[in-house]
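Hi there,

Here is the structure I promised to pass on to you. Have a look at it first, and then read on for my notes.

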Amino acid sequence: MPSTSPGTPTPTPTPFAQILPGAPTPSLQAVSTWTFRYKRYIAYISGKQLYILSSPTKLVQALTFAEELVAVTGESVTGKIAVASAGHAYVLEPVAEGWTRVWWEKALLLRREGEDPGDERRCLSWGSEGEILVGGRTHLTLFSIVPSSRTSSPLVNTIDGEPVEERKALWSKLVASPLRLATFSPTAGLIATCTGRDRLVKIWRRLSFEDGLFDFTYLPHGGIVTHMEWRPLDEHFEERRGSGISGRHEEDPEVLYTIATDGMLRIWRTGGIHDLDMLVLHTTIDLVGAIPQSPSLTAKRKEQSRVPPRYCFMLPAGLFGAGVTAATGRQKNDQVSHSLEHLKEVTSKTPDVVVALDGQGRMSAWGLQSIGHKRRIEAPEVRDAFHVAHSEGLNVRFAENSNATFCAWFEDDTINILTHTFGGGLVWWQGDVETFFSPSAAGRERLKKTADWVGHSSSIKTLRSVNNGTELISRSQSGDMARWAPGLDGQFQWHQEHAESAFSSEEKSDLGLELDEEFEGSNVETVNGGIAALASSDGIKLMIVAVKEGYVEHKDSFDHKIYHLRLLSPAAGHRLLAVGFDDRVDILAQGRYRNDGDLPTWATVKRVSIVGLGLRMNDIAWLRGGTLALAAGNGVLLSDNKASVEGLDEDLQQIVDMDPTQQQEVTLPYIAEQLKQPLPVWHPDVLIHFVHHGKVAVAMSLVRKLLNKLKFWSEGEYFSPLLDLDARELFEDNGEQDGSSLTDKMLRELTDQLEEKKLPAVSRSEQRRLIHVLQALVYISEHMHGLDQCALCYLFAWKSQLLGIAASDLPDSEQQKPNGVTHAVSPRVPRMQWREIAFAYHSTTQQPLLDILILHYDNKVTWDIARSLGITAWLADKEALAKVFEALAQATYRQTSPPDPINASLYFLALHKKPTLLGLWRIATWHKEQRSTTNFLKRDFSQPDAKTAAKKNAYALMGRRRFEYAAAFFLLADDPDSATNILAGQCGDVMLAIAVARLYSGDKSPTLRRLLEGRLMGQEADRWLLSWSHATLEERHEAAQALIRPNDDRRPRPWLQDDPTTLILYRDLRKSSSENEYAALLRSASILRRMGLWLLALDLVRSWSFLNPTAALSNGITNSPSLNEPVASPQPSEPVSALDGYTAPAAPATDDKAAREAKAAELLRNLKLKKQGQQLAGAEEKKPPPPPTQFKEPDAGSLLDSFGF
């Protein structure tokens, strides 16, 4: 029974480069073709599936049945399809959606009353309107499918869970032998039947169209009948018979072609109304003699014992004439074609054309004249076939002794031929009429193979790519294996596979990561080149991890379950991921690491869909070059490696520099390559990271160079990614060669250029963000002489966000952690991240930075603003912090009218200014709680009873959900721990809790330590937050180490936890080189490269210097044991570069020859002492001191080779 109808889904299936639906069933009615709504459809059966196609690469629909199918036939007038298995026969009706989409739904189940279970259905044939003939093992049955049929039944039967309307038979006749083929004549007045190995064709003439009344005749043959076919009526038969245009077609006779094993084609036709015979033999054609030079005629120069196989198909005169007319219409007036002149002469005789083949590459075409004439032709020479064309070297070849059926039709001047070989495949051949029937064309030029539909006879279970992605192997549910390899024409061909070892079992990989519970039990995963993609246990979530680093590169959730994941690396460092669902595949391409939120690291670049085809995806596999193979049903669908440019995200189109109006397609490997390209120096991320890495002057120099280049550049011209600069000179000069800062005039000129021209390798949104970055650079250039580098980093980030907010173009980055702010803040206030807060905390110019910020907000800083900017976290000076907090207290007090002392209670109590708060309450005569609160504040809270009373009030306020006021009462009770816990917990205001802890208890206080360790310094904390926490607790060494310490936790984490900018702050905080410094340097350079910042990665490695361990002794900082080696030799005056050589961190540097000599001398001395009977421990001679040790720097090659430079 068919599967559920696909309905009317909006999405349409994806076009495929090649489709291999499955092996056609070896039966005489396995293939059918018809025209419906002016479009050609081909239906064929494969196992339990019915495939409907409209072109060599267009699969319209596939329907799955519960039993093996044996026959299918389509009907052109109504578009209905009849399909039969051994136990059931169905009628499928077309459903149209406009003129672009048609699919078929199961409409009727045909069943005969008193049906014998052993009566297997064998064949189907359409009769007159609304009739379908079913031939079986024991009966020949006729059904009516029109709604007005007198035997139509409202009975609805449920088969395989689907309701089906059932129809009973009009009549049923017993047959003597199992039928092999039964077919109606075009007028439905005659029925021709034949059995398995019969030499007779039985003709049934209907005496009544209401009842099953017949008379019979038999047509004898000289061998077993292998094929019979009625000649179709002319397309315009009804029109011409009614109009009287041509009298010769008033009684178009019905013609039957039969082929037997004696090698003869017999043409039978009906006579006049007074003839006694139903059918008379019109003429015969010797198919063996038609191809006299065939190699099948000789067998080792001996006379053959049996007739060699011959094949043929017929082209009615009407179709042949239409094809020749179309070919003539395409001929240019000044061209003379002898082939067309020959075809015109042949067409003048209105012949039916018989094309004979020997299956060995030879073809012969013959014409039959006057078959369609109503009058009897007495002249015997008129009945003889005349020669039309002959050819050798034809591409159509069959295996020895194989059976084959044909379907042929014309589309304009193109001839289409379907050849179905039993046990083989279904091949679609195409050729133009002029060449195919040419007297002189070469055989290989006459027909070209456009499709070869082969495959399994049952559903494919597993699909794998082998031989470096050049071939496929598949295994079906029945256990059959096949190999799919490309042929000379590039099309994949099917080969039987017998080696079970060709299938390598896929075992679940041990990633060495501690996955979350939802991903731990996943059976859907794929690993390629250090990248792993995993689906969650429920299959609706996807996670992509860099295995070695442990970074989560991508996470996504879907509405449908993920069944398949496959990774492909089309080139070194480039990766594509196929995410397979039930009826579609999403292809993702790996890009660079981003923290701007414009595009994810993995972007969807293509979707391959089989929605509406009625198939379920069983497996997927990549082929080399980016072609994707889908196992669906019994076959394989191949999607090429091209993606629609219009289907790409708009930002993605602009990044890969593709205009959908100029280019329609782009290859997947090209997209993967472009997404991993190093960023050009004008990219906003490059300039931002230059600022963060302390190279503001370099960034400004690049901006000036960009302005000069844009003045003389036009879109479409080549634009150097380095602006024709030498990278070494750029960094060595540090960008100071121009000597001047950016001006507003430069900014206006550059902004005008960027608004007029589209820069390559950036999207429109990135170009808009570039303008904001330029504005921020101009802004900080005004403060470069008053602020240090740390303050400039903070100010630059603040200004960039402020400009983005003003333009409503600031994306919410899910990767960056907020600074603890969970409250709704003014849309004009940027939310500074812990990175900027950490930089600002270590600034030595905090007061000028604070003045700039306060001045921007007109000296009206509220707590919402201070919280978003993180002022109370990065302001290190206690007096300055107290002044800011007092100003916030006064602003909070005056934010309502009349002022409310409750709002400012927490602030004044955190500042230990209870008298000030008491004074505010004394004047708050308008407040209903003035009397009680004033009396309560007059108490001496150094006494235990007063503290107890304050705590009771705090708990009472918590019950009323007045949490901030409750925290103030906890401060009255001298319980800052409870106060900060309420602020960080119930209030969700970590910044306020930090400010209260710092002001009330101090930076070194246990309260602040417990708050930071309990709330912020957990496993989920990033390096910036940890470093700031240690620095706030005045643990400078730990603050530096937190920035580079390796993550021992093997749980996947965001890559931003290893932000390469941490190395810049670490360089300012360190007192000596750490044992983790080398690994952190490699890690940061690798991430910079993944971000597309190759210049910065190279400069970081080139310019990095390791400090000497003696610095640790002079500063009193305890270092790791590997760096605490005694130093005997004087240290160099300048730090050594990371490119000057390296073996291992803290490894003792000794001369090899001196070491060997010292070791030999010591061994000789020990032997002498042992000989003299003295103990080594009591020897007066002391050992010489060990060779001096010093910090040996990394080798340049080991650094650069670690990340691909």
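**Salt bridges and what lies around them**

The count of salt bridges comes to 50. Please keep in mind that this is a predicted model.

Let me start with a few of these pairs. Asp119 forms a salt bridge with Arg112, with 3.0 Å between the closest N and O atoms, and both residues are buried. Glu471 and Arg483 also meet through their side chains, at 2.8 Å from N to O. This pair links distant parts of the chain, 12 residues apart: Glu471 lies in strand S33 (residues 471–476) and Arg483 in strand S34 (residues 481–486). Glu471 and Arg483 are buried as well.

The salt bridge between Asp640 and Lys606 has an N to O distance of 3.4 Å. Here the partners are 34 residues apart, with Asp640 in the loop between strand S46 (635–639) and strand S47 (642–644), and Lys606 in strand S43 (residues 602–609). Lys606 counts as buried because its relative accessibility is 11%, and the cut-off for buried is under 20%. There is also a network, in which salt bridges with shared partners join Arg592, Arg594, Asp685, Glu766 and Arg769.

Now for the chain as a whole. It has 1205 residues, of which 54% count as buried, and it contains 36 helices and 51 strands. Among contacts with a separation of 6 or more, 59% are between residues 24 or more positions apart. The accessible surface comes to about 54,100 Å², and carbon and sulfur atoms account for 49% of that.

On the nonpolar side, the largest core has 179 residues, and Leu542, Ile780, Trp874 and Trp1028 are among those with the most contacts inside it. Helix H15 (residues 789–806) supplies the largest share of this core, 11 residues. A second, separate core has 69 residues, including Val31, Leu53, Ala643 and Ile671. Back to Trp1028: beyond its neighbours within four places in sequence, its contacts include Trp834, Tyr841, Trp874 and Leu1016.

Finally, the surface has a nonpolar patch formed by Leu200, Phe216 and Tyr218, with about 290 Å² of accessible area together. Tyr218 sits in strand S19 (residues 214–220) and has a relative accessible area of 47%, so it is partly exposed.

Best wishes

Conventions. Residues are numbered from 1 along each chain as its sequence is written. This is a predicted model: local features need pLDDT of at least 70, side-chain atom pairs count only at pLDDT 80 or more; totals for chains, interfaces and linings use all residues. Side-chain values use heavy atoms; hydrogens and water are left out. Patches are made of residues with over 30% relative accessible area and no salt bridge: like charges are joined within 9 Å, nonpolar side chains (Val, Leu, Ile, Met, Phe, Trp, Tyr) within 5 Å. Accessible areas come from the Shrake-Rupley method with a 1.4 Å probe; for residues, only the protein chains shown count as cover. A salt bridge is a side-chain nitrogen of Lys or Arg within 4 Å of a carboxyl oxygen of Asp or Glu. Helices (H or I, at least four residues) and strands (E, at least two) are DSSP runs, numbered from the N terminus. Buried means under 20% relative accessible area, exposed over 50%, partly exposed in between (1.4 Å probe, protein chains only). A nonpolar core is a set of buried Ala, Val, Leu, Ile, Met, Phe, Trp, Tyr and Cys residues joined through side-chain atoms within 4.5 Å. Contact means heavy atoms within 4.5 Å.
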